[in-house]
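Please look over the sequence and the model below before reading on.

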Amino acid sequence: MHSKVVSNSGPAAHTAAVYLARAELKPVMYEGMLANGIAAGGQLTTTTDVENYPGFPNGISGQELMEAMREQSARFGTEIITETVSKVDLSERPFKYWLEYSEDAAPHTADTLIIATGASARRLNLPGEEKYWQSGISACAVCDGAVPIFRNKPLAVIGGGDSAAEEAIFLTKYGSKVTVLVRKDKLRASNIMAKRLTAHPKVEILYNTVATEAKGDGRLLQNLTIKNVVTGEISELPANGLFYAVGHEPATSLFKNQIATDEDGYIKTTPGTSYTSVKGVFAAGDVQDKRYRQAITSAGSGCIAALEAERLLAEEEEDASEPIIEAKKSEVNGAAPQYKTNPMI
Ligand code: FAD
Ligand code: NAP
């Protein structure tokens, strides 16, 4: 039995692994084999340059950054297994889990789990999207907005929520104009964000409007075909950049009905910690964070998860601390319970 399993392979999991391995807890990492449609290494393997991760003044490619993180995890003794966890049983400790293609075999077991399965940005599958993905089309303005192809060019954002508002306002620093396409006749964004967006002189909002095609010169995006869903009118919108802000999907189907999640499927954690509703299960990274979704915030929460897991195991080893409130099955859809190890109490 492993005393610790770190699941998955993005910045959250690798940070947790480095801390756990240095604490000699022999972490095991299942980095996934195209799990959730994403390569081992996580979302950053799908991008070009990462310019906002500290320590790399000239930026670093996402692939290179994740290879370096993997090397660092391995260097301190993390066992990295290139397989996908396909089933878990969190009803009692040690937790049981199974791997893809070998679900008939006896389960693996672990005292603690760190869930860091990440999330993926929703895409719209527009005609032309595949061709211009990362060549004008992106799902992360904060990540990609500053690249030269967007400087002083018309840009577009799809979505009417807080992310769309935030991304559009962020993009006004770079683009000549930002057009926000909202499929309904109103924004979903909070009042304060909606006010900021509507008041911005470089932003135009087109309500009742959807994009139907992304077009370019074969290399880079140049414009969008858009449609007013009320009048049926079709027109062309110049756009050298298109940013999706239509929500994310956390990779939590594996844990459905076994751990508390919010209405969008994100794992609930006690604020400021990685504690979930199940004692011994910690969550880090995008799988529990729909607000920030950055490599550095994921890495930070991976560190927190490792330190909290380490503390729990140490307390249990000393037999010095029984949980104040046991996680019960009935709490699966409720708030995350508190433990003695929880610094919040
Ligand atoms: P992820 O990176 O999502 O990794 C999770 C991993 O777990 C994946 O490899 C997945 O395959 C694996 N997995 C899932 N389920 C299983 C399973 N059942 N078994 C085994 N493995 C599993 N952030 C920045 O800070 N700067 C940037 O410049 C930046 N650029 C980005 C560009 C793009 C195109 C995208 C999509 C995101 C970008 N981000 C950027 C956001 C950043 O990538 C994420 O916030 C960060 O990767 C989240 O890390 P994570 O550890 O939570 O999980
Ligand atoms: P969201 O609130 O779910 O909004 C998604 C938006 O995308 C909605 O306007 C939705 O339209 C639109 N959309 C969905 N599918 C679409 C499609 N196929 N075509 C066109 N439009 C589509 O997601 P989010 O904005 O990412 O926010 C997620 C959570 O994080 C929210 O709780 C939000 O408050 C929070 N957040 C807060 C801040 C902040 O406070 N500054 C910043 C970012 C995120 P409809 O409205 O028509 O459904």
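In what kind of contact do the side chains of Lys290 and Asp264 meet? In this predicted model, the two side chains form a salt bridge, with a nitrogen-to-oxygen distance of 2.8 Å. Because Lys290 lies in the loop between β20 and α7 while Asp264 lies in the loop between β19 and β20, the pair ties together parts that are 26 residues apart in sequence. Asp264 is partly exposed, with a relative accessible area of 44%, and Lys290 is likewise partly exposed, at 34%.

Lys290 also takes part in a salt bridge with Glu263, where the distance from N to O is 3.8 Å. Here Glu263 sits in the loop between β19 and β20 (281–283) and Lys290 in the loop between β20 and α7 (295–317), so this pair ties together parts that are 27 residues apart in sequence. Glu263 counts as exposed because its relative accessibility is 71%, a value over the 50% that the term requires. These contacts belong to a network of salt bridges that links Asp262, Glu263, Asp264 and Lys290.

Among the 14 salt bridges that the structure holds, another joins the side chains of Arg122 and Glu249, at 2.8 Å from N to O. This pair links distant parts of the chain, 127 residues apart, with Arg122 in the loop between β10 (119–121) and α3 (129–132) and Glu249 in strand β19 (residues 248–250). Arg122 is partly exposed, with a relative accessible area of 36%, and Glu249 is partly exposed as well, with 37%.

Arg183 is found in the loop between β13 (177–181) and α6 (191–199), and with a relative accessibility of 61% Arg183 counts as exposed.

These local features can now be placed in the whole chain, which has seven helices and 20 strands. The radius of gyration of the protein chain is 22 Å, close to the 20 Å that the globule rule gives for 345 residues, so the chain is as compact as a globular protein of that length. Along its principal axes the C-alpha trace spans about 65 × 40 × 40 Å, and buried residues make up 49% of the 345 residues in the chain.

Definitions and conventions. Residues numbered from 1 in each chain as written. Chains lettered and ligands numbered in written order. Predicted model: local features only at pLDDT ≥ 70, side-chain atom pairs only at ≥ 80, totals over all residues. Heavy atoms only, no water. Helix = DSSP H or I, 4+ residues; strand = E, 2+ residues; numbered from the N terminus. Buried < 20%, exposed > 50% of the residue type's maximum accessible area, 1.4 Å probe, protein only. Rg over C-alpha atoms; globule rule 2.2 N^0.38 Å. Salt bridge = Lys/Arg side-chain N within 4 Å of Asp/Glu carboxyl O.
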